[in-house]
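Me: Hey, can we go through this one together? I'd like to start with a helix and then look at the rings.

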Amino acid sequence: MTESTNPGRVLPEAGRLLFPDGKGFFRILQLTDMQIIGLGCTRNPTRDRQIKGTYFKEGVPDMDARCFQYVNELVKRTKPDLIALTGDNVYGEFDDDGAMSELLCRRMEGYGIPWAPVFGNHDNESRIGVRCQMKMFGECPHCLFADGGVTGHGNYFVRIMSGGRDVFTLFFLDTNGCRNVGNPWAPEEGITPDNIDYDLVEHRDGIFPDQTAAFRAAAGSIAAENGRKIPSAVFLHIPIAAYDLAREAAGYVFKENFDYTGPDGYGGIYEHNIHKIDSDGVFYRTSREAGTVGYFAGHEHKNDICLKFGGAVFAYGVKTGIATYYRDEAIGGTVIDIDPAGELSVRPEYCRKRFDIRDS
């Protein structure tokens with residue numbers, strides 16, 4: 001896939017949400033790395049045995065049921081105005097028939113709450129293809145989603161409004177990175193060359209120049225409409241390199257587990273991944289100049305740290321569900337409250353790990 005040849009493109013608006021009257025804040029529930037799977041789509045017997053035996057150590061057939069038990073609990077507990085899904089919503093390797101994508105849409109629609117997804121590196125592995133996945137999103141009445149026509153899929157923004165004016169903007173960006181099959185740790189993981197939309201998927205991870213330009217244009221247009229910069233948050237799957245600046249400023253030392261105990265955040269770092277996107281900081285500088293005050297990512301399952309740094313919030317969403325790997329004490333979601341002045345308040349919402357399964 002190549003970048004858009006239209007450098008003047010502006011990210012599309014996917015929806016407008018009203019600041020709740022009398023509530024005092026607009027609440028977002030971030031869910032990340034649910035990775036729901038369908039065992040009927042394991043691609044060969046070896047992978048089937050691996051998943052059942054070692055990769056998922058607690059049995060597989062009820063993974064999706066357990067995941068949505070957590071989601072049900074979180075939605076009931078937090079009563080969000082919007083649910084943001086920050087990628088790896090399904091595990092595409094196990095969704096070649098699209099059944100898990102359909103289940104995701106059906107379950108999310110069942111809450112009757114606006115929801116906004118971005119793609120993660122595993123979502124587009126499914127052989128049904130990214131166009132089919134986007135069509136499913138587009139057919140969901142409560143789903144806020146638009147394809148921005150730049151690198152990746154699902155680059156868009158949502159306005160939060162009060163009294164006919166913008167209060168806050170939510171940007172949703174695809175960080176790409178759908179890998180080819182051949183990972184020695186999981187030989188069938190990834191997108192296969194016969195995928196119907198193979199050439200439409202960007203296999204490198206990152207926020208690309210055309211995405212940054214479209215983001216800048218959209219933020220500038222919103223500012224011009226309002227006569228001022230409107231504060232914003234960015235929702236994405238793979239964290240940007242500025243997360244490492246925030247972690248180092250808080251005292252984190254690479255490869256050492258770290259629990260933050262200061263006044264400017266919460267959570268821990270138990271996964272030590274040096275590979276971040278936006279290593280040159282171009283998107284970070286562009287977004288901060290445009291008024292972004294919050295970054296919300298996933299991808300690194302064991303990290304749930306949230307830190308204030310340089311006037312912005314950098315948060316890893318709490319992993320939702322127990323697919324692949326995780327920390328027992330860090331399962332759940334993340335609550336983001338936005339006040340009328342555009343200030344953010346962020347907190348984790350942890351769920352007790354369950355071994356019982358019930359239809360709920």
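Reply: Exposed is over 50% relative accessible area, buried is under 20%, and partly exposed is in between (1.4 Å probe, protein chains only). Helices (H or I, at least four residues) and strands (E, at least two) are DSSP runs, numbered from the N terminus. This is a predicted model, where local features need pLDDT of at least 70, side-chain atom pairs count only at pLDDT 80 or more, and totals for chains, interfaces and linings use all residues. Residues are numbered from 1 along each chain as its sequence is written, and side-chain values use heavy atoms, with hydrogens and water left out.

Me: Which residues in helix 4 are buried?

Reply: Val130, Gln133, Met134, Met136 and Phe137, in residues 130-138. They fall within an arc of 155° seen down the axis, so they line one face of the helix. That arc is taken from the directions from the helix axis to the C-beta atoms.

Me: And what covers them?

Reply: The cover includes helix 3 (99-109) and strand 4 (115-118).

Me: OK, rings now. How many aromatic pairs?

Reply: The count is 20. Rings of Phe, Tyr and Trp (its six-membered ring) pair if their centres lie within 6.5 Å; planes under 30 degrees apart are stacked, over 60 edge-to-face, the rest tilted.

Key: Contact = heavy atoms within 4.5 Å.
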